[in-house]
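This report walks through one protein chain for a reader who has not seen it before. Please look over the sequence and the structure below, then read on.

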Amino acid sequence: MKASSWFLYVLRCNDETLYTGVTTDLARRLDEHNNSLKGAKYTKTRRPVELVYWIDFEDRASAQKAEYKFKQLTRDQKKKIINERTETKNR
């Protein structure tokens, strides 16, 4: 993995809602969402959160474009994408 990689990531919150963001460091960002004041306001009241999906991009702009598109999807469409990725990893 290149140091300049950016990630689109999806978290499943304790109340079963989904949160989407971008970062360069998945482990750090997950820790921030669960344990620090640097986590998003949305996730602070929905802890703990679990990383359920991520995909890497070469630059921030590409990751943010993908984030925007992902956020436009319905909940069912998002869950389908997440489930397809999980099923592929478990094979």
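## Strand E2 and the sheet

From strand E2, the residues Leu-18, Thr-20 and Val-22 point one way, Tyr-19, Gly-21 and Thr-23 point the other way, and all are buried. The model described here is predicted. In a regular strand, side chains alternate between the two faces of the sheet. With 6 of its 6 residues buried, E2 is largely enclosed by the rest of the structure.

E2 belongs to an open sheet of 3 strands, in the order E2-E1-E3, with antiparallel pairing. Strand E2 (18–23) and strand E3 (50–57) are the edge strands, and each pairs on one side only. From one strand to the next, the twist averages 20°. Strands of a sheet pair through backbone hydrogen bonds, in a parallel or antiparallel way.

Strand E1 (residues 6–12) pairs with E2 in the antiparallel sense over 6 bridges. E1 and E2 form a hairpin with 5 residues between them, and in the turn Glu-16 has a positive phi of about 75°.

Thr-20 lies in strand E2, while the place of Thr-43 is in helix H2 (residues 41–44). Because buried means under 20% relative accessible area, Thr-20 counts as buried at 5%. Thr-43 is also buried, with a relative accessible area of 0%.

Residues up to four places away in sequence not counted, Thr-20 touches Leu-8, Tyr-9, Val-10, Glu-67, Phe-70 and Lys-71. With neighbours within four places likewise left aside, Thr-43 is in contact with Leu-11, Cys-13, Tyr-19, His-33 and Val-49.

| Side chain | Backbone atom | Distance |
|---|---|---|
| Asp-25 (oxygen) | nitrogen of Ala-27 | within 3.3 Å |
| Thr-43 | oxygen of Ala-40 | 3.0 Å |
| Asp-59 (oxygen) | nitrogen of Ala-61 | 3.3 Å |

## Helix H1

Helix H1 (residues 26–35) packs on the sheet and touches E1, E2 and E3. The direction of H1 makes about 35° with that of E1. The contact made by the side chain of Asp-25 is at the start of H1.

Which residues of H1 are buried? They are Leu-26, Arg-29, Glu-32, His-33 and Asn-34. What covers these residues includes E1, E2, H2 and E3. His-33 is among the residues in contact with Thr-43.

## Helix H3

Helix H3 (residues 60–72) has 13 residues. From its first C-alpha to its last, H3 reaches 19 Å, close to the 18 Å expected at 1.5 Å a residue. Asp-59 caps the N-terminal end of H3.

The buried residues of H3 are Ala-63, Ala-66, Glu-67 and Phe-70. They lie on the same side of H3, because they cover an arc of only 105° around the axis. On the other side of H3, the residues Lys-65, Tyr-68 and Lys-69 are exposed.

Terms used
Residues are numbered from 1 along each chain as its sequence is written. This is a predicted model: local features need pLDDT of at least 70, side-chain atom pairs count only at pLDDT 80 or more; totals for chains, interfaces and linings use all residues. Side-chain values use heavy atoms; hydrogens and water are left out. Two strands pair if DSSP finds at least two bridges between them. Helices (H or I, at least four residues) and strands (E, at least two) are DSSP runs, numbered from the N terminus. Axes are lines fitted to C-alpha atoms, for helices over the stretch in contact, and angles run from 0 to 180 degrees between N-to-C directions. Contact means heavy atoms within 4.5 Å. The expected span of a helix is 1.5 Å times one less than its number of residues. Buried means under 20% relative accessible area, exposed over 50%, partly exposed in between (1.4 Å probe, protein chains only). The arc is that of the directions from the helix axis to the C-beta atoms. A polar contact is a pair of N or O atoms within 3.5 Å; within protein, one must be able to donate a hydrogen and the other to accept it, and residues adjacent in sequence count only if both atoms are side-chain atoms.
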